[in-house]
Amino acid sequence: MIYTEHSYGQSPVRTTSTMSLLRKTSTGLLRNFKPRSGHSEGGFFSQGTQEGKNGFLFGETPPPPGQKRKWESWEAPWYFMLGGAVLILGLGLPSRPDTSIMTWAKRQAKKELDEAA
């Protein structure tokens, strides 16, 4: 049994009824839970519907000779963003300013030596 006390010195309030209500509700929800994936059985991690292996990458058969493979709707933005990331990282990272403490200390020491001389 759990008791809580209000800050104004009122009598303790019994919360077991609330706890038991939550416990009954949650167990009832978990007991009656059914996945809503739209598939009749299995789910995301099931074996799938393909009969055996066909030997092609991702199970995708190549198009007939003389035809090109049609891109999916996600492929063009994926390649565009991947190319942009490669450009930003390949060109941007090497050209960033040197902010290391060692470089600053060398410049400062050289400046102090030049002033002393």
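**Salt bridges and an aromatic pair**

Q: Which residues are linked in a network of salt bridges here?
A: Glu-60, Arg-69 and Glu-75 form that network. Keep in mind that this is a predicted model.

Q: How many salt bridges is that by count?
A: The count comes to two.

Q: How far apart are the closest N and O atoms for Arg-69 and Glu-60?
A: They are 2.6 Å apart, and the two residues form a salt bridge.

Q: And for Arg-69 with Glu-75?
A: That salt bridge has its closest N and O atoms 3.0 Å apart.

Q: Why would such side chains pair at all?
A: Opposite charges can pair when the charged atoms come close.

Q: Is Glu-75 buried or exposed?
A: Buried. Its relative accessible area is 4%, and the cut-off for buried is under 20%.

Q: What about Glu-60?
A: Glu-60 has 40% relative accessibility, so it counts as partly exposed.

Q: And Arg-69?
A: Arg-69 is at 36% relative accessibility, so it is partly exposed too.

Q: Switching topic. How many aromatic pairs turn up in the whole structure?
A: The search finds one. It is made by the rings of Trp-71 and Tyr-79, with their centres 5.3 Å apart.

Q: Stacked, edge-to-face or tilted?
A: Tilted, because the planes sit at 55°. Stacked needs under 30 degrees and edge-to-face over 60.

Q: How accessible is Trp-71?
A: Trp-71 has 48% relative accessibility, so it counts as partly exposed.

Q: Where is Tyr-79 found?
A: Tyr-79 is in helix 2, which covers residues 75–92.

Q: Which residues make the nonpolar surface patch?
A: Trp-71, Trp-74, Trp-78, Tyr-79, Leu-82 and Val-86 make it. The patch is about 720 Å². Both residues of the aromatic pair, Trp-71 and Tyr-79, belong to it.

Q: Now the overall picture. How many helices and strands are there?
A: The protein has three helices and two strands.

Q: In what order do the elements run?
A: From the N terminus on, they go β-β-α-α-α.

Q: What share of the residues is buried?
A: Buried residues are 3% of the 117 in the protein. Glu-75 is one of the buried residues.

Key
Residues numbered from 1 in each chain as written. Predicted model: local features only at pLDDT ≥ 70, side-chain atom pairs only at ≥ 80, totals over all residues. Heavy atoms only, no water. Phe/Tyr/Trp six-rings, centres within 6.5 Å; stacked < 30°, edge-to-face > 60°. Buried < 20%, exposed > 50% of the residue type's maximum accessible area, 1.4 Å probe, protein only. Patch = residues over 30% accessible without salt bridge, like charges linked within 9 Å, V, L, I, M, F, W, Y side chains within 5 Å. Areas by Shrake-Rupley, 256 points an atom, 1.4 Å probe, with all protein chains shown as cover. Salt bridge = Lys/Arg side-chain N within 4 Å of Asp/Glu carboxyl O. Helix = DSSP H or I, 4+ residues; strand = E, 2+ residues; numbered from the N terminus.
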